[in-house]
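Hi,

Here is the structure I said I would pass on.

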Amino acid sequence: MNIFHHLYSNLSYFTYNLSKNLKIKEKNSLRVLMYHDIKKEEYKKFEDQINIIKNDGWKFLHPNELLNLSINKKKIKGKNIILTFDDGFHSNSIIEKKILTKYKIKAAFFIPYNFMKSKNKNDSLKFVKRQLKIFDYKVEKNGRTNMNLNDILILSKKKHVIGFHTKNHIELSKSVSINKVQDEIIGYTSKNFEILINKSKFFSFPFGKLSDFDKRSYFIAKSKFKFIFLGIRGDNNSINLNKRLFFRDNFQLSYNKKMILSILNGYFDIFYIKKRIKVFNEYL
């Protein structure tokens with residue numbers, strides 16, 4: 001969190017508290033949160049963030065509730081959260097057991113196929129550095145880096161959603177070959193994994209910034225998946241719901257209460273308005 005974000009979150013948090021004290025009606029909202037790897041020393045920070053969110057009146061929805069809302073064209077009511085995890089780190093499996101189960105929260109886990117298929121630490125570490133672009137990543141002592149198929153099957157059995165995050169987590173907009181883009185998004189993986197992703201038909205773009213996907217990759221993804229998730233910050237209204245294209249808030253474990261509530265209650269959305277307008281104009 002840089003100095004500007006720190007100062008702005010202090011100001012917006014004050015404004016938010018003032019509006020609550022004046023009993024100004026809060027708008028209906030649907031936010032989608034995006035987490036990645038969570039280190040052992042960050043477990044408590046993650047749980048603290050969950051409690052901050054819950055104590056502010058947000059309701060965690062099952063990701064599959066998006067299907068019910070979109071089919072029945074229901075209006076979003078209240079303050080709603082969908083929780084997602086990208087990249088398939090093994091820490092996500094631990095977080096699910098230790099924290100999500102405790103709070104009865106169901107999440108969507110977006111898995112890059114070949115990271116899941118990594119057979120040893122060396123292979124998984126190469127994937128993290130080359131494909132996920134985390135160059136300073138260190139494997140925890142006696143720890144695993146990636147979830148394997150068995151971990152993911154367990155998540156599915158526990159009623160979490162398994163989504164697809166391409167085969168190799170590449171920047172799809174930078175791939176010249178249409179065949180490469182198609183293979184990354186809709187190419188065959190394996191029978192057991194195909195069953196999981198076809199069950200939900202959730203897809204998130206790698207990296208997820210506006211520059212990381214294009215019309216070509218978007219419409220290929222749309223041909224197979226029902227729900228597509230970006231990495232652009234913002235609230236999701238009825239238009240997003242009906243078109244099944246969702247903005248997400250990337251959450252850092254360093255965020256304090258003021259930052260968390262400022263983001264969730266829309267005060268940071270203004271910095272992404274041009275990007276959201278471009279998405280609306282070109283993709284919806």
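Buried here means under 20% relative accessible area, exposed means over 50%, and partly exposed is in between, with a 1.4 Å probe and protein chains only. F246 also counts as buried, at 0% relative accessibility.

Before going on, a word on where this comes from. It's a predicted model, so local features need pLDDT of at least 70 and side-chain atom pairs count only at pLDDT 80 or more, while totals for chains, interfaces and linings use all residues. Residues are numbered from 1 along each chain as its sequence is written, and side-chain values use heavy atoms, with hydrogens and water left out.

Aromatic rings

There are 31 aromatic pairs in the structure. Rings of Phe, Tyr and Trp (its six-membered ring) pair if their centres lie within 6.5 Å; planes under 30 degrees apart count as stacked, over 60 as edge-to-face and the rest as tilted. F229 and F246 are stacked, because their ring centres are 5.2 Å apart and their planes sit at 25 degrees. F229 belongs to strand β7 (residues 227–229) and F246 to strand β8 (residues 245–246), so the pair ties together parts that are 17 residues apart in sequence. Helices (H or I, at least four residues) and strands (E, at least two) are DSSP runs, numbered from the N terminus. There's also an aromatic cluster, formed by Y113, F164, F193, F203, F205, F213, Y218, F219, F225 and Y283.

The largest pocket has a volume of about 400 Å³. It is lined by 21 residues, and the closest to its centre are M34, F207, K209, G231 and N250. Its lining divides into 8 nonpolar, 6 polar and 7 charged residues. The second largest pocket has a volume of about 340 Å³, and its lining residues include Y35, H36, D37, N250 and F251. That lining has 5 nonpolar, 3 polar and 4 charged residues.

For the terms: on a 1 Å grid over the protein atoms alone, a pocket is an open set of points where a 1.4 Å probe fits, with protein on both sides within 12 Å along at least five of seven lines, and lining residues have an atom within 4 Å of a point. A volume is the space filled by probe spheres set on the points, which are joined across faces, edges and corners. Ala, Val, Leu, Ile, Met, Phe, Trp, Tyr, Cys and Pro count as nonpolar, Asp, Glu, Lys and Arg as charged, and the others, Gly among them, as polar.

In helix α1, S9, S12, Y13, Y16 and S19 are buried. These buried residues fall within an arc of 125 degrees seen down the axis of α1, so they line one face of the helix. (The arc is that of the directions from the helix axis to the C-beta atoms.) I3, L7, L11, F14 and N21 are exposed on the other side of α1.

In helix α6 (residues 121–130), the buried residues are S124, F127 and V128. They cover an arc of only 100 degrees around the axis, which puts them on the same side of α6. N122 and R130, on the other side of α6, are exposed.

Two loop residues

D87 has a positive phi of about 90 degrees although it is not a glycine. You'll find D87 in the loop between β3 (79–86) and α4 (90–103), and D87 is buried at 5%. K159, also not a glycine, has a positive phi of about 75 degrees. K159 is in the loop between α7 (149–157) and β5 (161–164) and counts as exposed, at 56% relative accessibility.

Cheers
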